[in-house]
Amino acid sequence: MKFESFIALRYLFARRQQSFISVISIISVLGVGLGVASLIVVLGVMNGFTKDLRDKILGVNAHVITMSAAGNISGYTELSKEIEGVSGVTGVTPFIYSELMASSSHGVKGIILRGVQPESADKVLTIRKYMKDGGFPDLVRDGLPGIIIGNELAKRLGVGIGRRINLLSPSGKKTSQGFVPRVRNFRVVGIYKTGMWEYDSSLAFVTLKSARELLGWENNAVTGLELSVSNVNNADKIAKKITERLGGYPFYARSWMDMNANLFAALKLEKTAMGVILTLIVLVGSFSIITTLVMLVMEKTRDIAVLMSMGATKKQIRGIFMLQGTIIGVVGTALGFALGLGVGELLKRYQFVQLPKGVYSLDKLPIIYDWTDLVIIGASAMVLCFIATLYPAKQAAKLEPADALRYE
């Protein structure tokens with residue numbers, strides 16, 4: 001063992017007359033450990049909330065949508081083949097988007113209608129994960145056309161599987177009696193529940209054919225194309241490639257990041273703010289390291305003078321106290337990681353923290369660890385602890401043996 005390491009460990013775990021120094025050292029370790037553990041747990045929860053929200057948004061929305069600034073798109077088959085040739089695109093499906101009125105014998109509600117192609121929609125949208133009953137294949141049926149609605153909308157209209165609802169389109173037609181809105185009857189064939197009230201209470205799915213008949217559109221017209229990509233984090237780059245592939249105006253592509261930019265920017269800001277606040281806990285722990293080392297320098301003034309008289313250099317004396325503070329930082333950080341990861345695993349396995357139903361989009365705390373966050377947390381804690389050693393180590397190295405031993 002090197003000279004500096006041997007002395008640092010002796011001072012760190014001092015006994016007998018200097019037992020108080022050991023207590024302060026333990027408190028310093030605990031302070032750093034609790035700060036690191038808090039950071040790991042809180043940032044893990046923030047990552048979990050963000051991923052859960054992203055998954056639910058992408059459950060009912062595509063990764064990328066392609067539309068035309070000139071209005072509806074006709075002849076989308078050739079356009080779909082062109083887009084499928086873009087690297088990273090894994091699925092393409094046409095869609096129709098419109099705002100309508102839904103009614104039943106129990107109530108009336110404004111909704112957003114999405115016309116989909118059942119055979120290709122399942123390859124792009126992942127809403128099947130949130131289906132309580134039915135699915136896209138059930139939209140194709142004999143008799144009344146099928147419709148899939150959200151759980152909250154079903155409650156509002158007082159309907160269930162097999163019940164009938166009416167959809168009224170504002171784009172009616174002129175008759176001899178004046179303007180008459182289009183009204184069609186639909187049979188509920190599916191109900192989904194994402195946990196997000198905005199979707200569950202206002203979004204409904206029908207086939208492209210049913211949507212066109214209700215809106216009075218041409219047989220080959222769609223609002224745009226929805227796409228799935230291999231890596232959702234690269235959706236914005238793929239959207240740019242698609243726009244370039246289609247030659248720009250009037251076609252354009254938007255990623256889920258663009259369409260929900262404000263929401264995810266707010267989540268990122270909140271995560272950053274929580275990280276800064278909790279880093280202050282680690283900072284407090286590092287201040288306790290300064291206190292420990294300053295008290296130790298005052299307590300060991302005579303020992304330092306003797307060591308320097310025996311040939312120890314100022315650099316070695318400085319290294320002793322820097323190493324001691326670094327050991328406190330390493331042990332505290334390791335303890336924090338063990339505690340933080342342990343608490344996180346308990347939360348994931350036993351879910352003993354329950355969230356109020358109806359307030360959040362989920363009822364359990366999600367925990368997801370990001371290795372980048374963990375590395376930053378560990379590095380930040382070590383840097384703060386190391387910086388805390390500089391002043392006490394410098395003061396110890398400045399001691400002169402003659403002055404320290406004058407009154408001994």
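Me: Is strand S9 (residues 203–207) largely enclosed by the rest of the structure or exposed, and how many of its residues are buried?
Reply: Strands are DSSP runs of E, at least two residues, numbered from the N terminus. Buried means under 20% relative accessible area, exposed over 50%, partly exposed in between (1.4 Å probe, protein chains only). S9 is largely enclosed because the buried residues number 5 of the 5.

Me: Which strand runs parallel to S9?
Reply: The model is predicted: local features need pLDDT of at least 70, side-chain atom pairs count only at pLDDT 80 or more, and totals for chains, interfaces and linings use all residues. Residues are numbered from 1 along each chain as its sequence is written, and side-chain values use heavy atoms, without hydrogens and water. Strands pair if DSSP finds at least two bridges between them. Gly115 stands opposite Val206 in S9, and 5 bridges join S9 in parallel to strand S4 (residues 107–116).

Me: Which residue stands opposite Ala204 in S9?
Reply: Strand S6 (residues 146–150) runs antiparallel to S9, joined by 2 bridges. Opposite Ala204 stands Ile149.

Me: What is the relative accessible area of Leu168?
Reply: Leu168 lies in strand S7 (residues 164–175). This residue is partly exposed, at 32%.

Terms used: Helices (H or I, at least four residues) and strands (E, at least two) are DSSP runs, numbered from the N terminus.
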